[in-house]
Amino acid sequence: MDTEAVRSFVRAAELGRLRHAADELGVTQQAVSKRIAALERALDVRLFTRTARGVELTLDGQAFLPHARNVVAGADRAVTAIRRGSRALRIDVLGLRSAQAVVLHDYWRSRPGTELDVVTLRVNDPRLAVAAVRAGDVDASFRSVTDPAALPRDVRMIHAFHSPLELLVGPRHPLASARTLTPDRLRGHRIWVPGIAPHSEWADFYDQLATAFGLRVDAAGPNFGNEVLLDILADSDDAATLVGSRDRYIWPANHDLRRIPIAGPTLAYPLSLILPRADPHPGLRAIVDHFASLAPLPEDAWLPSWATAPHRGDGGIEGTPR
């Protein structure tokens, strides 16, 4: 069924004149008349009786009108659901306790009513996140392609914000009483990050971090989730892990875990946003502006090499209204 023909029928029925319906729909009166005639042929009924004053609904037309209104409303809702700017902004984050999700939640709380859909693609290879952005499954993804030259030309990667790292340890760990730590003091200690996924951006990050500071990063063992990791840290006298300062972790009070800032230099994880080069969702601009309001890193921060490389098209959101 031609939805535009149904729309023409509805407006003609509501306005009582084909000419008025045509003016509202931005077409000629002849076009409206042809659409309604085609609809009547398809339904094999007469919907209108033509009078000197315009058109009047037949009994069949009266019966059809409420259903026709539902058809038009459904078609409009379907278009709205996929049109950028009229549907919720959909952003992929690494996890709902990650710094990305925490910052997005802060943004949403400061702007009640913002249409925001935060999802987790659950993919480790950033190329799969890029594919999801290109396909329109998400409007943007908090992922980093460590070789920006490998990005397809129809997507961009821009800097979002940095996440300073902290050491997370249990009360029996030798460093548990420290108020701050330098990276040098981490040497010789086991930094346990179970299940680092090959080809992931964080695999590259930890490789560079371990090389730069001579650290022991242990990826052994399956990853049973944050709760199991926190339980093990609470009872361990040698295991520690690294977490972002904005990452949200919750544990029982009797775990007595400690988050210890690292400085001299600050170790920071760079967070990037991958988005379409053309016609990005207009809601992205305000979020990127919000990132700019976050506290900057200290001057003596350490970042991996790919964080300081120029990103193709970096420098903000183009093509979205302010």
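Me: Which helices each supply at least two residues of the lining of the second largest pocket?

Reply: A pocket is an open set of points on a 1 Å grid over the protein atoms alone, where a 1.4 Å probe fits and protein lies on both sides within 12 Å along at least five of seven lines; lining residues have an atom within 4 Å of a point. Helices are DSSP runs of H or I with at least four residues, strands are runs of E with at least two, and both are numbered from the N terminus. By that count, the helices that each give at least two lining residues are H6 (126-135) and H7.

Me: What kind of model is this, and from which number are residues counted along each chain?

Reply: The model is predicted: local features need pLDDT of at least 70 and side-chain atom pairs count only at pLDDT 80 or more, while totals for chains, interfaces and linings use all residues. Side-chain values use heavy atoms, without hydrogens and water, and residues are numbered along each chain, as its sequence is written, from 1.

Me: What is the volume of the second largest pocket, and which residues are closest to its centre?

Reply: A volume is the space filled by probe spheres set on the grid points, which are joined across faces, edges and corners. For the second largest pocket it is about 220 Å³. Of its 15 lining residues, the closest to the centre are Asp 125, Pro 126, Arg 127, Val 145 and Thr 146.

Me: Which element gives the largest share of the lining of the second largest pocket?

Reply: By class, this lining has six nonpolar, four polar and five charged residues. Nonpolar covers Ala, Val, Leu, Ile, Met, Phe, Trp, Tyr, Cys and Pro, charged covers Asp, Glu, Lys and Arg, and the others, Gly among them, are polar. The largest share is three residues, and it comes from H6.

Me: Which element gives the most to the lining of the largest pocket?

Reply: The largest pocket has a volume of about 1100 Å³. Its lining has 35 residues, with Leu 94, Trp 202, Asn 223, Asn 226 and Tyr 249 nearest the centre. Elements that give two or more residues include helix H7 (201-213), helix H8 (226-235) and strand S9 (239-244). The most, four residues, comes from S9.

Me: How far apart are the end C-alpha atoms of H7?

Reply: The expected span of a helix is 1.5 Å times one less than its number of residues. The 13 residues of H7 should therefore span 18 Å, and this agrees with the distance between the end C-alpha atoms, 19 Å.

Me: Which residues of H7 are buried?

Reply: Buried means under 20% relative accessible area, exposed means over 50%, and partly exposed lies in between (1.4 Å probe, protein chains only). In H7 the buried residues are Glu 201, Trp 202, Ala 203, Phe 205, Tyr 206, Leu 209, Ala 210 and Phe 213.

Me: How many residues apart in sequence are the parts tied together by Phe 9 and Phe 48?

Reply: Rings of Phe, Tyr and Trp (its six-membered ring) pair if their centres lie within 6.5 Å; planes under 30 degrees apart are stacked, over 60 edge-to-face, and the rest tilted. The structure has ten aromatic pairs. Phe 9 and Phe 48 form a tilted one, at 5.3 Å centre to centre and 50 degrees between the planes. Phe 9 is in helix H1 and Phe 48 in strand S1, so the pair ties together parts whose separation in sequence is 39 residues.

Me: Are Phe 9 and Phe 48 buried or exposed?

Reply: The term was given its cut-offs above. Both Phe 9 and Phe 48 are buried.

Me: Which residues form one aromatic cluster?

Reply: Two residues of H7 that are buried, Phe 205 and Tyr 206, belong here.

Me: What is the phi of Arg 122?

Reply: Most residues other than glycine have a negative phi. Arg 122 lies in the loop between strand S4 (116-119) and H6, and it is exposed, with a relative accessible area of 74%. Although it is not a glycine, its phi is positive, at about 60 degrees.

Me: Which peptide bond is cis?

Reply: Most peptide bonds are trans. Pro 265 lies in the loop between strand S10 (258-261) and S11. With omega near 5 degrees, the cis bond is the one from Gly 264 to Pro 265.
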